[in-house]
Amino acid sequence: LAVIYFNLDTSTVECRFSEDGGQGFGGIRLVTPVAVHQDAKARDAAYFPSVASDRQAGVLYVAYQAVHEGPAILFTRSIDKGRTWTKPQRINDTPRRASVFNPGLAVSPDGQHVTVVFYDKRHDVSGEELEVDFYLAESFDGGDTWEPNLRISDRSSSLKLAPKLSRGYMLGDYNSIAPALDFVTPAVTIWIDTRTGSPDPYSSRITRTKGATYETW
């Protein structure tokens, strides 16, 4: 059992690992230090890394928002139960240093199809950083390389139509995605969209198009 969390005292993502299903935990294992990015207008999930593991190899995968060449969604993984982690890589290709936030991560059972969804302001024309879209970063080789980002939402949402809290407009703390199980069972993601004039849940299917099947392997 792996528990991965953000340490506010040190601005780091950390991991505790249990070899016995949660009866006892080993020491703290550093995942990565974080240069925190908080969206200027949204109440976002700056301190909430998204975590997944595949079913076959037990690799750990983490996505989180940070500052890295501008606002970024960063990705890292561990093949040794959290002892060591790959160098975090930026997986959003957002231009203009536009804000991105609230990543949600899922991984196929074979660990090859990695899907990360997030809010993205690259299409904002309000001049006030108040319009967001929902985007996908997708890898077909376990996170080694990434495809160009895909826009999931077909129109932008106004943050002004979401509840306003002390830290900004609230679309939700988390984005959720279920992994593609195979080439015929797609991933499914859900997000909050304000196109109707109020914040409502929308969903979309993400079909896996590349990578070997388990039977082929």
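Residues are numbered from 1 along each chain as its sequence is written, and side-chain values use heavy atoms, with hydrogens and water left out. Because the model is predicted, local features need pLDDT of at least 70 and side-chain atom pairs count only at pLDDT 80 or more, whereas totals for chains, interfaces and linings use all residues.

**Strands and their partners**

Strands are DSSP runs (E, at least two residues) numbered from the N terminus, and two of them pair if DSSP finds at least two bridges between them.

| Pair | Bridges | Opposite residues |
|---|---|---|
| β15 (residues 176–178) and β16 | three | Ser176 and Ile190 |
| β16 and β17 (residues 200–206) | seven | Ala187 and Ile206 |

β1, β2 and β3 form an open sheet in that order, with antiparallel pairing. Since β1 (2–7) and β3 (29–33) stand at the edges and each has a single partner strand, one side of each is left without a neighbour in the sheet. Neighbouring strands here are turned by 25° against each other on average, direction ignored, with axes taken as lines fitted to C-alpha atoms.

β16 and β17 form a hairpin with six residues between them, and Gly197 in the turn has a positive phi of about 105°.

**A buried asparagine**

Asn102 lies in strand β8 (residues 100–107), and it counts as buried because its relative accessibility is 1%. The side chain of Asn102 reaches the backbone nitrogen of Ala45 at 2.7 Å. Leaving aside residues up to four places away in sequence, Asn102 is in contact (heavy atoms within 4.5 Å) with residues including Asp44, Gln65, Val117 and Tyr174.

**Nonpolar cores**

A nonpolar core is a set of buried Ala, Val, Leu, Ile, Met, Phe, Trp, Tyr and Cys residues joined through side-chain atoms within 4.5 Å. The largest has 19 residues, of which Val117, Tyr119, Ile152, Leu159 and Ile206 touch the most other members. The elements that give two or more residues to this core are β8, β9 (114–120), β10 (131–139) and β16, and β10 gives the most, with three residues. Apart from this core lies another, of 16 residues, among them Val59, Val100, Tyr135 and Trp146.

Note on methods:
Helices (H or I, at least four residues) and strands (E, at least two) are DSSP runs, numbered from the N terminus. Buried means under 20% relative accessible area, exposed over 50%, partly exposed in between (1.4 Å probe, protein chains only). A polar contact is a pair of N or O atoms within 3.5 Å; within protein, one must be able to donate a hydrogen and the other to accept it, and residues adjacent in sequence count only if both atoms are side-chain atoms. Axes are lines fitted to C-alpha atoms, for helices over the stretch in contact, and angles run from 0 to 180 degrees between N-to-C directions.
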